[in-house]
Amino acid sequence: MAGQSITVYSGQHQQTVQALVKDFETKSGVTVNVRSGDEAELANQVLTEGKASPADVFFAENPPALTTLEEKGLLTKVNASTLSAVPASDSAAAGDWVGVSARSAAFAYNTGSVPAAQLPTSVKDLAGAAWKGKLGIAPSETDFTPIVTRMIKSVGADAAKTWLQGLKANGKVYGSNEDLIAAINKGEIAGGVVDHYYWYRMRDEVGAGSVHSALSFFAAGDPGSLVDVSGVGILSSSKHQAAAQAFLAYLVSQPAQQIIATSQSYEYPLLADVTAAKLNKPLSAAGPVVPATDLGDGKQALDLLQSVGLLS
């Protein structure tokens, strides 16, 4: 296996992936070529390339991209020993990909604009009149789609569409979660939904003394109370199956999970004995990870976002 080379299509945080790849290369002797980009675009690229894809491994930020590849039969089974390293609910039910890390959806708010007593307890509240002109949204971010999917499952497609229309009427649209969290911290808007790590990364960027925002979490069971995983799978067309399986096994090993726990990505490791000490809220308190089957391939959510004009 040493001396081989694998190609990873990655929609995950580049800085952390680089650290993981460097450590794996040192330990294994395998060279890893990383092609980074938007996970949805990379998944579409794999679909276009088919069995001719140069990718050996697909590393996703959210389950829907992996589910899309899984449903097309483009992923091979992950070794049982790798799957057993993390909770079964954090990986694909069929064993076609394994969970590596987790993140929680949160409501970020400007502490000077939103009193604690006025914080929303449900993501549904954000479509109400109280948030007119105060809300920011980043609908093109792939981590927004799972929340829409959860809303569809909770209230049905018609009510979810009405909710999205309310968000559109209330909110200012941002092109990225980085722009959204910066706007919240500056007081340009009062609040918005982001994955928790965007706030921590913004705090590092501006310095603790310039932080004018905080995170709040929706009530348990709410569609906005979402914890999902970043996962990784191996393409069935890969000509380097052993090296690819070794890479996946490494990602759920203690050294890799410790890199995730201490990285500037601020994600939760999934290995039971590794703790993300930098985070204010432990994964156990963030709520159960939503099964990938609940999030599907995200297509219905994307169609709904397009129908209300939040995506082109």
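Which residues in H6 meet which residues in H13? I would like to start there, with the reminder that what we are looking at is a predicted model. From H6, the residues are Ala157, Ala160, Lys161 and Leu164, and they meet Gln300, Leu304, Leu305 and Ser307 in H13.

As for the geometry, helix H6, residues 157–170, and helix H13, residues 299–307, pack at an angle of about 45 degrees, and their axes are 10 Å apart. Angles under 35 degrees would count as roughly parallel, and those from 65 to 115 as roughly perpendicular, so H6 and H13 are described as oblique to each other. Their crossing is right-handed.

H6 also has a contact with helix H5, which covers residues 145–155, and here the packing angle is about 130 degrees, with the axes 7 Å apart. This pair, H5 and H6, is therefore oblique as well, and the crossing of H5 and H6 is again right-handed. On the H5 side the contact is made by Ile147, Val148, Met151, Ile152 and Val155, and on the H6 side by Ala157, Ala159, Ala160, Trp163 and Leu164. The residues of the contact of H5 with H6 divide into 10 nonpolar, with no polar and no charged ones.

Let me turn to the strands, and to E3, residues 57–60. In a regular strand the side chains alternate between the two faces of the sheet. In E3, Val57 and Phe59 point one way while Phe58 and Ala60 point the other way, and all of them are buried. E3 is joined to strand E1, residues 5–10, by three bridges, the two strands running parallel, and within that pairing valine 8 stands opposite valine 57. E3 is also joined to strand E10, residues 227–235, by four bridges, in this case with the strands antiparallel, and there phenylalanine 59 stands opposite valine 232.

Just after H7 comes glycine 187, which takes a positive phi of about 85 degrees.

Note on methods. Residues are numbered from 1 along each chain as its sequence is written. This is a predicted model: local features need pLDDT of at least 70, side-chain atom pairs count only at pLDDT 80 or more; totals for chains, interfaces and linings use all residues. Side-chain values use heavy atoms; hydrogens and water are left out. Buried means under 20% relative accessible area, exposed over 50%, partly exposed in between (1.4 Å probe, protein chains only). Two strands pair if DSSP finds at least two bridges between them. Axes are lines fitted to C-alpha atoms, for helices over the stretch in contact, and angles run from 0 to 180 degrees between N-to-C directions. Angles under 35 degrees count as roughly parallel, over 145 as roughly antiparallel, 65 to 115 as roughly perpendicular and the rest as oblique. A crossing is left-handed if the near helix is turned anticlockwise from the far one by less than a right angle, and right-handed if clockwise. Contact means heavy atoms within 4.5 Å. Ala, Val, Leu, Ile, Met, Phe, Trp, Tyr, Cys and Pro count as nonpolar, Asp, Glu, Lys and Arg as charged, and the others, Gly among them, as polar.
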